[in-house]
Amino acid sequence: MSTLITNIGELVTNTREGDSAASPGFAFMSDAALVIDGTEIAWTGQAGKAPAADERVDAAGRVVLPGFVDSHAHLVFAGERGGEFAARMAGIPYSAGGIRATVMATRAATDAELGRNLRALAAEMLAQGITTFECKSGYGLTVADEARSVALAAEVTAEVTYLGAHVVPPEFESDPAGYVDLACGPMLEACAPRAKWVDVFCERGAFDADQARVILAAGRAAGLQPRVHANQLGHGPGVQVAVEAGAASADHCTYLSDGDIDALAGSGTVATLLPGVEFSTRQPYPDARRLFDAGLTVAIATDCNPGSCFTSSMPFCIALAVRDMRITTQEAVWAATAGGARALRRDDVGHLGVGARADIVMLNAPSHAYLAYRPGVPQVASVWLGGSLGWQA
Ligand code: NIG
Ligand code: FE
């Protein structure tokens, strides 16, 4: 079965014509068309030259983009922390400690409750154009609760991250070394078979550099690839630890020294920005302009979680990055698609080159810039997932 989407006002491909990989920067065509064959992109080009297909969709001049790739989300949890958000807006600063409230609620929830919440958030993401998302454990923090978190995440995505090292849970407060042993031992063993990634929150109040190194090395030995929560609450060793470990991504990057930027620039580690966190915690936005100018590979992700940022909206995050992190609309859209794919080490998503997965978003708008130009307005018209219509307004 093939589908022709034609009369596309702006087709964001993120790939050079004839190429099957994502380009290092934003790329688009005007007056374009594309053909989906089965689950993949089979052709892109000028609308007037499009081949015939079984089905025809008229985009009526609207913009078509690769589905958003959200490389950082915490969707397996129970409860909510709206009161904590309200208190923050009244002047109480964000700290890692709030995570423990969600841990208590998550441990008390049934599998069915956790699954319902998870599927509702995944559906919200799809309706906002996210076609690939990563999902972390990290609110269970016992062997059984981490194992069920990872198992639930694996039901909704292939990008599952084991985050047993989110914080030290209260029952290990006086024995953090004992918790690191658990997270590197039986907990990792129970989670590794269903996970692809290992993550650690390397921050004051969570895990220090040495603990983070041990956890990432254990994850790697169990077949998982590293990624790191780094430099969210202050300057610290997170980025350096991520680069040393060959992590796919260092996430947050809110406080970066020149040395951190140099380390990232010479590495295969993506700098993932989470603008919704700065919005929701009233922390200063990092200067993404500085990162692009230094030649770093940058991703934008939602970090959807009940504490530091409870949004599932990539368009909102794009708008914040453009407005408050000083990057262009093109850079932000690239970072939310091809950048996210690089942060997940995927070359089949984040672009619409021939052979890419047909994960496609059509907006009720003529150009990608509307994602930031019309903040807060639902603009997603249709979403194709692997070539099939997955959501429609
Ligand atoms: O990415 N930084 C650590 N983890 C989450 C916050 C989780 C929470 O506050 O519940 C984050 O911001
Ligand atoms: Fe996070």
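1. The protein chain has a mean pLDDT of 97, and 100% of its residues reach 70 or more, where pLDDT is the predictor's confidence in each residue, on a scale from 0 to 100. This is a predicted model, in which local features need pLDDT of at least 70 and side-chain atom pairs count only at pLDDT 80 or more, while totals for chains, interfaces and linings use all residues. Residues are numbered from 1 along each chain as its sequence is written, and chains are lettered from A and ligands numbered from 1 in the order in which they are written.

2. Between them, 22 residues of domain 1 are in contact with 21 residues of domain 2, two residues being in contact if their C-beta atoms, placed from the backbone, lie within 7 Å.

3. Which elements give two or more residues to the side of domain 1 that touches domain 2? They are strand E5 (63-66), helix H14 (370-373), strand E15 (380-385) and strand E16 (388-392), and E15 gives the most, with three residues. By class, this side of domain 1 has 14 nonpolar, seven polar and one charged residues; here Ala, Val, Leu, Ile, Met, Phe, Trp, Tyr, Cys and Pro count as nonpolar, Asp, Glu, Lys and Arg as charged, and the others, Gly among them, as polar.

4. Ligand 1 is surrounded by 13 residues, of which the closest are Ile-99, Phe-201, Asn-305, Gly-307 and Ser-308; a residue is near a molecule if its C-beta atom, placed from the backbone, lies within 6 Å of it. Sorted by class, the shell around ligand 1 holds four nonpolar, eight polar and one charged residues.

5. Val-167 is found in the loop between E8 and H5, and it is buried, with 23 other C-beta atoms within 10 Å. A residue is called buried if 20 or more other C-beta atoms lie within 10 Å of its own, exposed if 12 or fewer, and partly exposed in between, with C-beta atoms placed from the backbone. Val-167 and Ala-206 are 39 residues apart along the chain, yet their C-alpha atoms are separated by 4.9 Å.

6. In helix H5 (residues 176-184), Tyr-179, Val-180, Ala-183 and Cys-184 are buried. Why do they lie on the same side of H5? They do so because they cover an arc of only 130° around the axis, the arc being that of the directions from the helix axis to the C-beta atoms. The buried residues of H5 pack against strand E8 (159-165), helix H6 (186-191) and helix H7 (209-221).

7. Ile-8, in strand E1 (residues 2-12), counts as buried because 26 other C-beta atoms lie within 10 Å. Apart from neighbours within four places in sequence, Ile-8 is in contact with Ala-32, Ala-33, Ala-47, Ala-59, Arg-62 and Val-64. Ala-53, which lies in the loop between strand E3 (40-46) and strand E4 (55-58), is also buried, with 20 other C-beta atoms within 10 Å. With the neighbours within four places again left aside, Ala-53 is in contact with Ser-2, Thr-3, Leu-4 and Val-35.

8. Two backbone angles deserve a careful look. Most residues other than glycine have a negative phi. Asp-31, however, has a positive phi near 45°; Asp-31 has its place in strand E2 (residues 28-37) and is partly exposed, with 14 C-beta neighbours inside 10 Å. Arg-282 likewise has a positive phi, of about 55°, although it is not a glycine. Arg-282 sits in the loop between helix H10 (275-281) and helix H11 (288-293), and it counts as exposed because it has 11 C-beta neighbours inside 10 Å.

Terms used:
Helix = DSSP H or I, 4+ residues; strand = E, 2+ residues; numbered from the N terminus.
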